Amino acid sequence: NRIRAMGTIRILLIILCLTGLPAGLLAADESREVQSLDALADDLKFQNGLGFLKIKKYDKALETFNEYLEIYQSGTHRHEAYRHIAEIYFNRMEYLKAVDKYRALYEEFSNTESGVEAYYNIGLCYIKMGNEKKAAEIFNEIVENHGDSAYRQQAELQLSMIDILGE
């Protein structure tokens with residue numbers, strides 16, 4: 001009886017392997033392949049934006065990075081795309097547009113160093129626009145709420161500069 005039961009188990013395992021496992025393995029392989037293609041497309045789109053930046057085609061870079069943000073809602077390069085867009089606007093002295101992108105970056109990544117950097121850069125934009133009061137509010141918030149960030153000390157320096165220039 002024991003030998004007969006072992007034979008039955010072997011037959012059942014063989015049937016299971018022939019019917020159930022390969023389909024499951026194929027589905028898993030297809031899923032990994034789709035994820036791999038998504039990651040590749042994500043990287044390629046972002047790299048296109050970097051390529052335009054490198055050759056100083058800023059309008060095309062803006063277009064490409066904005067498309068990236070629209071298409072890849074969970075993209076691996078979202079914080080970088082926001083930052084590059086904001087920097088282009090900052091360098092063009094389009095500070096309100098830079099603030100919008102830095103704010104989007106901060107809101108999406110507020111618990112990261114990239115998010116705090118973006119918030120700090122919003123303060124710099126307000127200084128450039130002559131709104132030291134609003135800049136001071138932002139720098140004070142960084143000092144109070146992001147004490148472990150490298151941008152805390154820079155925010156303190158900016159606050160000191162605002163105080164000195166305000167005297």
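Guide: Let's start with a term. A salt bridge here is a side-chain nitrogen of Lys or Arg within 4 Å of a carboxyl oxygen of Asp or Glu. Keep in mind that this is a predicted model.

Visitor: Fine. Which salt bridge joins Glu67 to a partner, and what is the N to O distance?

Guide: The partner is Lys45, and the two side chains meet at 2.5 Å, N to O. Glu67 sits in helix α3 and Lys45 in helix α2, 22 residues apart, so this pair links distant parts of the chain. Glu67 is partly exposed at 30% relative accessible area, while Lys45, at 18%, counts as buried.

Visitor: How many salt bridges does a search of the whole structure find?

Guide: Nine. Some of them form a network, which links Asp59, Arg92, Glu94 and Lys97.

Visitor: On to the rings. What describes a pair of aromatic rings?

Guide: The distance of the centres and the angle of the planes. A search of the whole structure turns up seven aromatic pairs. One of them is Phe46 with Phe65, a tilted pair with 5.6 Å centre to centre and 45 degrees between the planes. Phe46 belongs to helix α2 (residues 21–54) and Phe65 to helix α3 (residues 58–71), so the pair ties together parts 19 residues apart in sequence. Tyr68 and Tyr72 make another tilted pair, 5.2 Å centre to centre with 35 degrees between the planes.

Visitor: Which residues do ring pairs link into a cluster?

Guide: Phe46, Phe65, Tyr68 and Tyr72. Phe46 and Phe65 are both buried, and Tyr68 is buried with a relative accessible area of 0%.

Visitor: What is the general idea behind a nonpolar core?

Guide: In soluble globular proteins, nonpolar side chains tend to be buried together. Here the largest nonpolar core has 37 residues, and Phe65, Tyr102, Ile122, Phe139 and Ile142 touch the most other members. Helices α2 through α8 each supply at least two residues of this core, and α6 gives the most, with seven. As for Phe139, its contacts beyond four places in sequence include Tyr120, Leu124, Ile127, Leu159 and Ile162.

Visitor: How do I check the length of a helix, say α4?

Guide: At 1.5 Å a residue, the 14 residues of α4 (residues 78–91) should span 20 Å, and the end C-alpha atoms are 20 Å apart, which agrees. Among the buried residues of α4 are Tyr82, Ile85, Ile88 and Tyr89. Just after α4, Met93 takes a positive phi of about 65 degrees.

Visitor: And where is the pLDDT below 50?

Guide: The protein averages a pLDDT of 86, with 78% of the residues scoring at least 70. The pLDDT is below 50 over residues 12–21, a stretch with three contacts in the model beyond near neighbours in sequence.

How values were computed. Residues are numbered from 1 along each chain as its sequence is written. This is a predicted model: local features need pLDDT of at least 70, side-chain atom pairs count only at pLDDT 80 or more; totals for chains, interfaces and linings use all residues. Side-chain values use heavy atoms; hydrogens and water are left out. Rings of Phe, Tyr and Trp (its six-membered ring) pair if their centres lie within 6.5 Å; planes under 30 degrees apart count as stacked, over 60 as edge-to-face and the rest as tilted. Helices (H or I, at least four residues) and strands (E, at least two) are DSSP runs, numbered from the N terminus. Buried means under 20% relative accessible area, exposed over 50%, partly exposed in between (1.4 Å probe, protein chains only). pLDDT is the predictor's confidence in each residue, from 0 to 100. Contact means heavy atoms within 4.5 Å. The expected span of a helix is 1.5 Å times one less than its number of residues. A nonpolar core is a set of buried Ala, Val, Leu, Ile, Met, Phe, Trp, Tyr and Cys residues joined through side-chain atoms within 4.5 Å.
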